[in-house]
Every structure is written in structure tokens, then in C-alpha cells.
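I opened my notebook to look up a few things in this fold. Here is what I wrote down, in the order that made sense to me.

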Amino acid sequence: VTILGIESSCDDTAAAIIRDGVILSNVVAGQKVHEEYGGVVPELASRAHQQNIIPVVDRAIARAGIEKSDISAVAFTRGPGLLGSLLVGTSFAKGFSLAAGIPLIEVNHLQGHVLALFIKEKDGAYNPPKFPFLCLLVSGGNSQIILVRDYLDMEVIGQTIDDAAGEAFDKCAKVMGLPYPGGPHVDRLAKQGDPHRFNFAKPRISGLDYSFSGLKTSFLYFLRDNLKENENFIEENQADLCASLQFTIIDILLNKLKKAAKQTGVKEITVAGGVSANSGLRTALQENANKHGWNLIIPKFEYTMDNAAMIAITGYYKYLNGEFAGQDAVPFARTQL
Ligand code: ATP
Ligand code: FE
């Protein structure tokens, strides 16, 4: 079974080919146009997707060393994401499916982030989690704890009631004058800083849900107050600010994850989404794994950021399950798992 996966939910146009769960190619075209705006501009994103989609798909097929006629089905991201961006991938996938006479498969982007853990490498490398497992999904738009019982059987047991973890990184980075997306910059600068130098407000919400908007506000007010005294406060303390901010975000993430592991009795722990690239988070997860006897599985870096391989692998499992979409499939800005 050979699946063409297409991802266009935000600002990356991506296509990938997966054959029987093994990755053959994974092509991502980023969009530079958003940098000067400090965030993704939806209208510019859909236009760039339109320009990128055909070359990206062509490249994915060429790099996989297959012919178009080898493809068994085309999987696309239906949502959640930016509607205009999703429309480009959805329409392309529908057209491709019609022209090639192959089935269409709709994929939930978040489910894709989780199933990225099941991508097999050509050289045979494969280290998937065992069911049931918990997945800490931390991305630009979501922060969730998901109980995964099977490939296509997932339950969100905790989620953010406001901002996502990635959003907290990006918004706080922006007020420090760092480029968008700020997460990787905070990560880099935090390495030279003292994580205990500054304290920021942590949310007090019960259960397994997250909240990050309070932290953002507390960070903003803290900077504003200090800038009144010293206009160079940010430049002089950049590393410590980044380290302390990152420490707080990780602490919030891990508290609820530990709680979830305790409540469910599940010790198979995984992480997904762009923020899982964060080096501080990876270290903290490993420390907790050692302490609590978790079996921790972290996906390869290239599969944690938005990519189409995760859409193709999800498409593969849906194909095996006979879950196909019709030409009437429409994108959704917000979808649940
Ligand atoms: P969603 O999947 O919820 O729709 P998204 O696709 O925009 O959101 P991803 O591409 O999975 O999100 O992740 C992007 C986010 O990851 C950004 O917020 C970015 O700042 C963050 N990020 C990437 N690398 C790091 C890092 N090293 N440290 C912290 N954050 C990071
Ligand atoms: Fe994503």
C-alpha cells in the first residue's frame, strides 16, 4: 500500500510518500513571507500553498522513486488549521484522487502528530510505543494529553483552556523582540541562562487541563515594570528571561503529565508536536522517565514539526481500516480528535 500524504494546515506545504508504513520521501516547503509580520498571515499562507503544492508533490513522488500510478490512495489534512490553507490541500487531494481514480482519505492533523511515532525508516529503524500510551501533544495551536488506545482510538484527557504551549513560547518571545516563531530562539538562548532567576505565575486549574494565558500576561507585566527602571532590561537579561520562561512552561507541562500517568496507571509516555523539539522539555521528560519508571519515546525531530509523513502514516492506518472520504469532504478550522 502506497500513500501520498498532503499537509497544508498552516504555513508549511508538505507532501510525503509512505509505503507499508515505511517513509520513502518527506518534502516540506516553508513560507518565509510571514517572518516580517511576526506571525502567520492567513491570506498569504493560502497563496503560497497554491504556488508550492504542485512542485512539492512532484518532488515527493520523484524522491520516493515511484510513479504516480503506484499510489494507492491520497491522504490530506482536513483540519484543524487555517481554512484557506486547508482548502488548497483538500482541493488538490480531491483532484488528484479523481484524476488517478484512487481513494481519498481525510486526516485529523492532531492524530497525525501522534501517529508520527509509527513512521518506519527505510533502514529498518522502528521504535514505536505500545498501546495504551499517553501522548503529550504540544504544538503551536494545541496542548493536550491524549490517551491512545489504538492507532485510530484516541481520547483527549486534558487540554488547554486558552493558549497553547507553543503560543506561550512564541508570544513571550515576540515581546522580547525575537523573530517568529520564537520557540526555537528561546530554547537556544535558555541554554546560557539561569532557569531560577525569575519567577512567573503558574496556573491553578484542577484536573488535567492546561492554561498558558496567565503566564503570558505575567511575563508581559514583569517586562513592562522592569523596563520602566531600566530600558535595557531585556537585552541585559535575555538568557535568564528565556531560561526562566522555558522552565515555567516545562514545569506546567510536566505537572499535568505526571498527574495523568498516575491517574491512568500508564507508563508508556510519548511526546508530539513542534514544541517537543525543545531541548529543555526533552531533558525534563527523560529525568521524569528515570524517576517514575516511564518508557519514554520521542519522535525524530523532522516528524515533530508539521510534515506530510505524519498525514501519510495516518492515511495508511485508515486505509487498512477502510476509512475513506468522499468528494464532499470539507476542511474544518477546528476539529476534535
Ligand atoms: P498545530 O499542530 O496545533 O496546528 P502548528 O502546526 O503550528 O500547530 P507545530 O508545527 O507542531 O505547530 O509546532 C510549531 C510550534 O513549535 C511553534 O509554536 C514553535 O515556536 C514551537 N517550537 C519549535 N521548536 C521549538 C523549540 N525548540 N522550543 C520551543 N518551541 C518550539
Ligand atoms: Fe502541527
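I began with Leu-136, whose bridge partner in E9 is Val-271. A reminder to myself: this is a predicted model.

Next I looked up how the two strands run. E6 and strand E9 (residues 268–272) are parallel, joined by 4 bridges. On E6 I also found strand E7 (residues 143–150), paired in the antiparallel sense over 6 bridges. A hairpin of 4 residues leads from E6 to E7, and Leu-137 has Gln-144 as its bridge partner in E7.

Then I asked myself: how many residues of E6 are buried? The count is 6 of 6 for strand E6 (residues 133–138). Phe-133, Cys-135 and Leu-137 point one way, Leu-134, Leu-136 and Val-138 the other. I was happy to see the pattern, because side chains in a regular strand alternate between the two faces of the sheet.

I turned to the annotation. The unreviewed UniProt entry lists His-109, His-113 and Asp-306 under "binding site". They are spread over 198 residues of sequence, yet they cluster in space, with a largest C-alpha distance of 8.9 Å.

I checked two of these residues. His-109 is in helix H3 (residues 109–115), and I note it as buried because 25 other C-beta atoms lie within 10 Å, where 20 or more are needed. Asp-306 sits in the loop between helix H9 (301–304) and helix H10 (309–320). Asp-306 is buried too, with 26 other C-beta atoms within 10 Å.

Last, contacts beyond four places in sequence: His-109 touches residues including Ser-9 and Thr-77, while Asp-306 touches Ser-9 and Cys-10, among others.

Key
Residues are numbered from 1 along each chain as its sequence is written. Chains are lettered from A and ligands numbered from 1 in the order in which they are written. This is a predicted model: local features need pLDDT of at least 70, side-chain atom pairs count only at pLDDT 80 or more; totals for chains, interfaces and linings use all residues. UniProt positions are given in the numbering used here, feature names are shortened, and annotations may be inferred rather than shown by experiment. A residue is buried if 20 or more other C-beta atoms lie within 10 Å of its own, exposed if 12 or fewer, and partly exposed in between; C-beta atoms are placed from the backbone. Two residues are in contact if their C-beta atoms, placed from the backbone, lie within 7 Å. Two strands pair if DSSP finds at least two bridges between them.
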